[in-house]
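The sequence and the structure come first.

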Amino acid sequence: MKTINVGLLGLGTVGSGMLKVFQEHVELLDRRVGAKLRIKKIAVRRLPPRIPVDARLLTTDALEVVRDPQIDIVVELIGGTTVARTLCLEAIANGKHLVTANKALLGEHGLEIYRAAAEKRVDLGFEASVCGAIPIIRSVKDGLVANRILSFMGIVNGTTNYILTKMTETGQAFASVLAEAQAQGYAEADPTLDVGGIDAAHKLQILASLAYGGYIRFSDIYIEGIQNVEATDIEFARELGYRIKLLAIAKEDHGELEVRVHPTMIPETHLLASVGGVYNAVHIRGDSCGSLMFSGRGAGQLPTASSVVADIVEIAHNIVYHRPARAGLLPTSAAGGEITLRPMERIASRYYLRIMAVDKPGVLSKVSGVLGENSISIASMIQKGRDEAAAVPIVMLTHAAVEGDMRRSLQRINTLDVVAQETTCIRVEGVED
Ligand SMILES: NC(=O)c1ccc[n+]([C@@H]2O[C@H](COP(=O)([O-])OP(=O)(O)OC[C@H]3O[C@@H](n4cnc5c(N)ncnc54)[C@H](OP(=O)(O)O)[C@@H]3O)[C@@H](O)[C@H]2O)c1
């Protein structure tokens, strides 16, 4: 039986998980691959490693792993965009097939990595970089290959979904739920990447580039985090029959593609609305397959390792059966050929507005006047409480409107003398007009 050697970079959370899966399923994996799949070397930053491992496998020199002529597949589980980038490029340059779970690396330097892999004709597996255990990359690449993807909307960051779910269930404010999540290990000490929507945008970048066949620059993605979502808006959303989720959205419309990450109101009946806690989900619409939803654990040691090992097995299969690398499926050229990105000002959406206004006659006509002048029509409205001394919320849902028109309206509304504070605006998706 042929032996296929794997070199591992990084023995942290996911690296340890991968080792565990390998150790527990060695015979099963060998049978499924049709070859002996063995870990030949493991690079760690310092000794002793975080978990007990056969000392003969260990090295503190990662370059030794990526340059080892006996290693067929390199698995990068270090994270970050500096050392990991150098090591991945060096592994590819040495003709190694590469598996990585590194969404930040692919989100920001993917084009360079995809091109290097295509040029060297090596396989590149990155299933674990988007939504942990969910085989979403494989589904877009293979299972849905017959479709034009019309849109996808995903809950792709477990931390923010946990925070928003907790805020919805308890009515607590963002800051106190975040502090609890940090104490329980559901949020990082520095939560910026998660709550700021950047991690979700990395995943959107990877998935959208693959689904729409052109590399989308990370800087072209519109990103808004959940830091400004208030408990009161979650409560109003609930009253109106909606939930607020941080969604990563890609939509094709008349040859233009929208790519955006922001807090989004979706109807409580939408499949994504019921995905709570740290769970991830992606809702896809294809022109032949219709609507599909994938959900499951988006992070964690074993769920992520499950996808890493799936990539290793697929590549090992290719080696065993002498199948050439499928680099042709990678987005190695920039978007702009087949598909053009739509600027955020031109996207169309429904909107939720919470206007804090003084409780005086004529306020509504002033606000609706501004919206009307910008071609925005109101679908429904609630006005809560009466208080002549303080500002009260006027909550509106609009029909579909153009973002640029909405931004112009908000600028005007916020300067009206009857409006007491900046208006909250949340995009609404999942409702057909
Ligand atoms: N954790 C998840 O649930 C999850 C889910 C999906 C994707 N991912 C991705 O998977 C990757 C790994 O994440 P993780 O959670 O496993 O991170 P982690 O626990 O921090 O593990 C990274 C490991 O790499 C080691 N390392 C750093 N520089 C190194 C070097 N030059 N040579 C050798 N080892 C080095 C670190 O050593 P020290 O122990 O000395 O720090 C650490 O043990 C990241 O790209 C992450 O985005 C993680």
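The model is a predicted one.

As for the chain as a whole, 14 helices and 18 strands are found in it. The protein chain is as compact as a globular protein of its length, because its radius of gyration of 24 Å is close to the 22 Å that the globule rule gives for 433 residues. Along the principal axes, the C-alpha atoms fill a box of roughly 85 × 45 × 35 Å. Buried residues make up 46% of the 433 residues of the protein chain. Among contacts with a separation of 6 or more, 76% join residues 24 or more positions apart.

The ligand is surrounded by 25 residues, and the closest are G10, G12, G79, A101 and A299. Helix α1 (residues 13-24) gives three residues to this shell, the largest share. By class, the shell around the ligand holds twelve nonpolar, nine polar and four charged residues.

In soluble globular proteins, nonpolar side chains tend to be buried together. Here the largest nonpolar core has 129 residues, and those touching the most other members are L8, L9, V75, L204, L207, V308 and I312. Helix α10 (residues 198-211) contributes the largest share of this core, nine residues. Which residues does V75 touch, not counting residues up to four places away in sequence? V75 touches V6, G7, L8, L9, M18, V99, V308 and I312. Of these contacts of V75, L8, L9, V308 and I312 are also among the core residues that touch the most other members.

T340 is located in strand β13 (residues 340-341). T340 counts as partly exposed because it has 13 C-beta neighbours inside 10 Å, and the class of exposed residues ends at 12 or fewer. Apart from neighbours within four places in sequence, T340 is in contact with G255 and E256.

L29 is part of helix α2 (residues 26-33). With 19 C-beta neighbours inside 10 Å, L29 counts as partly exposed, because a buried residue needs 20 or more. Leaving out neighbours within four places in sequence, L29 is in contact with L37 and V313. L29 and V309 are 280 residues apart in sequence, and their C-alpha atoms are 9.2 Å apart.

The two C-alpha pairs are listed below.

| Residue pair | Separation in sequence | C-alpha distance |
|---|---|---|
| L29 and V309 | 280 residues | 9.2 Å |

Key:
Residues are numbered from 1 along each chain as its sequence is written. This is a predicted model: local features need pLDDT of at least 70, side-chain atom pairs count only at pLDDT 80 or more; totals for chains, interfaces and linings use all residues. Helices (H or I, at least four residues) and strands (E, at least two) are DSSP runs, numbered from the N terminus. The radius of gyration is taken over C-alpha atoms; the globule rule is 2.2 Å times the number of residues to the power 0.38. Two residues are in contact if their C-beta atoms, placed from the backbone, lie within 7 Å. A residue is near a molecule or strand if its C-beta atom, placed from the backbone, lies within 6 Å of it. Ala, Val, Leu, Ile, Met, Phe, Trp, Tyr, Cys and Pro count as nonpolar, Asp, Glu, Lys and Arg as charged, and the others, Gly among them, as polar. A nonpolar core is a set of buried Ala, Val, Leu, Ile, Met, Phe, Trp, Tyr and Cys residues joined through C-beta atoms within 7 Å.
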